[in-house]
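Thanks for coming, everyone. Let me put the model on the screen and walk you through it.

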Amino acid sequence: MTTTTTKLYSLSLSDVKTYLFALVFIAGNILFPQLAHLIPQGGLIFLPIYFFTLIGAYKYGIFVGLLTAILSPLTNNLLFGMPPTAALPAIFVKSVVLAIAAAVIAERTGKVSFWGILLAVLAYQVVGTGVEWIMTQSFVVAVQDFRIGFPGILIQLVGGYFVLKALART
């Protein structure tokens, strides 16, 4: 895969665009999980709650990423009961780590790269797995994203790369 130089932003909390973009990505993180849940175990397989957090943080910076990371699972839980309340702490950890990793990698490299997105996804999965293992005391539960959610990890990696590449000129 090639590297694409692009316009990447680091929007501030005082910028209205931060909240507008966060709302768009939160909406995506509400819609995508609803579609995934039409398939049995779709949430566990496709890990849809993370996709737009990755896109928002990589393209628009840490604050868009963190708002999306925190408000997406919370909103989905309050509106639809998914993810279940018991799963929220682990999902918050993974989402926040993803937002931070994606924003830092994008800021440091200044470009969309397959390897940068891979690094962001691996960062949140590895850290999240460790934290989830500590929280649940179950290795099996902690590694379920790798066991069951591998298609979702691939969607984040490949889909994220192509979506960010398509947004490269905006």
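Which side chain meets Lys94 in a salt bridge? Glu132 does, at 2.8 Å from N to O. A salt bridge here is a side-chain nitrogen of Lys or Arg within 4 Å of a carboxyl oxygen of Asp or Glu.

Some ground rules before I go on. This is a predicted model, so local features need pLDDT of at least 70 and side-chain atom pairs count only at pLDDT 80 or more, while totals for chains, interfaces and linings use all residues. Residues are numbered from 1 along each chain as its sequence is written, and side-chain values use heavy atoms, with hydrogens and water left out.

Back to the salt bridges. The count comes to 2. Asp145 forms a salt bridge with Lys94 too, and there the closest N and O atoms are 2.9 Å apart. Asp145 sits in helix H8 and Lys94 in helix H5, 51 residues apart. Shared partners join Lys94, Glu132 and Asp145 into one network. Helices are DSSP runs of H or I with at least four residues; strands are runs of E with at least two; numbering starts at the N terminus.

Buried or exposed? Both Glu132 and Lys94 are buried. Asp145 is buried as well. Buried means under 20% relative accessible area, exposed means over 50%, and partly exposed is in between, with a 1.4 Å probe and protein chains only.

Now helix H5 itself. It runs over residues 88-109, 22 residues in total. At 1.5 Å a residue it should span 32 Å, and its end C-alpha atoms are 31 Å apart, which agrees. The expected span is 1.5 Å times one less than the number of residues. Buried residues of H5 include Leu88, Ile91, Leu98 and Ile105. Their cover includes helices H3, H4, H6 and H8, plus strand S2. After H5 comes Gly110, with a positive phi near 70°.

Next, the aromatics. How many aromatic pairs are there? The count comes to 12. Rings of Phe, Tyr and Trp (its six-membered ring) pair if their centres lie within 6.5 Å; planes under 30 degrees apart count as stacked, over 60 as edge-to-face, and the rest as tilted. Take Phe25 and Tyr60. Their ring centres are 5.9 Å apart and their planes are at 40°, so the pair is tilted. Phe25 is in helix H1 and Tyr60 in helix H3, so the pair ties together parts 35 residues apart in sequence. Phe25 is buried at 8% relative accessible area, and Tyr60 is buried at 8%. Then Phe114 and Tyr161: centres 6.2 Å apart, planes at 75°, so edge-to-face. Phe114 lies in helix H6 and Tyr161 in helix H9, so this pair ties together parts 47 residues apart in sequence. One aromatic cluster takes in Tyr9, Phe21, Phe25, Phe32, Phe51, Phe52 and Tyr60.

Phe63 and Leu13 are 50 residues apart in sequence, yet 6.6 Å apart in space, C-alpha to C-alpha.

That is my tour. Questions, please.

Methods. Contact means heavy atoms within 4.5 Å.
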